[in-house]
Each structure stands twice: as C-alpha cells, then as structure tokens.
Amino acid sequence: PSDSSPQNCFTFEAGPSLYAGISPTKSPNPLKHVFQMIDEEPEWITYDTWGAFLPEAPEGYELSIGADNFLQILKDYGGPTAVQD
C-alpha cells in the first residue's frame, strides 16, 4: 500500500503501472502482487503511448512511453532548467 488513512483503509497510486508495468508475470508493481495473491488475472490492455495535459500545454500531448520523450516534453514546456531540476 502506498498510503494508509486513519480508518485503516489502503489506497494505491497508479504511478508504478506506467513505469513498472502491470501485465508481465514478473512485474515489480505492487498492485500486480495483490492480483497474484488473490489468484486473479484481469484482461490487461497494453499501450505504448500516453496522453497528458499540462497548464503549459492545454491542448494536451501524446508521447511514447520512455525517458527520451518525457525529457523532450520537459524541454518544450518546462523552461530552461526543467531537465536538470
């Protein structure tokens, strides 16, 4: 679990799915581990691009998954020190 509330409920964030994947059998994704523990395997929809919206890019953008494309978005919209930051 990534977070525990005062009511002892657990929540999971979606971030690891993008970077670690959730469909491979040997995924490091914590949510994948939960599915494995309860012996469930959902039908996974895989993708190789993702879209996002930033205040600096209200029209949105789509890019391939991976660091190179993300670094280009930082260069385009984040200012001169965004990549270093």
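This is a predicted model: local features need pLDDT of at least 70, side-chain atom pairs count only at pLDDT 80 or more; totals for chains, interfaces and linings use all residues.
Good morning, colleagues. I begin with confidence. The protein chain has a mean pLDDT of 77, and 78% of its residues reach 70 or more. By element, the highest confidence in the chain belongs to H2, at 90, and the lowest to strand S1, residues 3-4, at a mean of 48. Residues 1-5 stay under 50 in pLDDT, and for them the model has 11 contacts beyond four places in sequence.

I turn now to helix H2. This helix covers residues 30-37, and its N-terminal end is capped by Asn29. In that cap, a side-chain oxygen of Asn29 lies 2.7 Å from the backbone nitrogen of Leu31. After H2 comes Asp39, which has a positive phi, near 55 degrees.

Within H2 I would draw your attention to Lys32. Is this lysine, Lys32, buried or exposed? Lys32 counts as buried, because its relative accessibility is 1%, and the cut-off for buried is under 20%. What does the side chain of Lys32 meet in a polar contact? The partner is the side chain of Glu41, at 2.9 Å. Setting aside neighbours within four places in sequence, the residues in contact with Lys32 include Ile22, Ser23, Pro24, Thr25 and Ser27, along with Glu41 and Trp44.

The structure holds one aromatic pair. Its members are Phe35 and Trp44, arranged edge-to-face, with 5.6 Å from centre to centre and 80 degrees between the planes. Trp44 itself has a relative accessibility of 27% and therefore counts as partly exposed.

Next, the strands. S3, residues 49-54, and S4 run antiparallel and are joined by five bridges. Together S3 and S4 form a hairpin, with two residues between them.

Finally, the core. Which residues make up the largest nonpolar core? There are five: Ala52, Ala57, Tyr61, Leu63 and Ile73. Strand S4, residues 57-64, is the element that gives the most to this core, with three residues. As general background, nonpolar side chains in soluble globular proteins tend to be buried together.

To close, I return to two residues. Lys32 of helix H2 is buried and makes its side-chain polar contact with Glu41. Trp44 is partly exposed and forms the aromatic pair with Phe35. Thank you for your attention.

Methods:
Residues are numbered from 1 along each chain as its sequence is written. Side-chain values use heavy atoms; hydrogens and water are left out. A nonpolar core is a set of buried Ala, Val, Leu, Ile, Met, Phe, Trp, Tyr and Cys residues joined through side-chain atoms within 4.5 Å. Buried means under 20% relative accessible area, exposed over 50%, partly exposed in between (1.4 Å probe, protein chains only). Helices (H or I, at least four residues) and strands (E, at least two) are DSSP runs, numbered from the N terminus. Two strands pair if DSSP finds at least two bridges between them. A polar contact is a pair of N or O atoms within 3.5 Å; within protein, one must be able to donate a hydrogen and the other to accept it, and residues adjacent in sequence count only if both atoms are side-chain atoms. Contact means heavy atoms within 4.5 Å. Rings of Phe, Tyr and Trp (its six-membered ring) pair if their centres lie within 6.5 Å; planes under 30 degrees apart count as stacked, over 60 as edge-to-face and the rest as tilted. pLDDT is the predictor's confidence in each residue, from 0 to 100.
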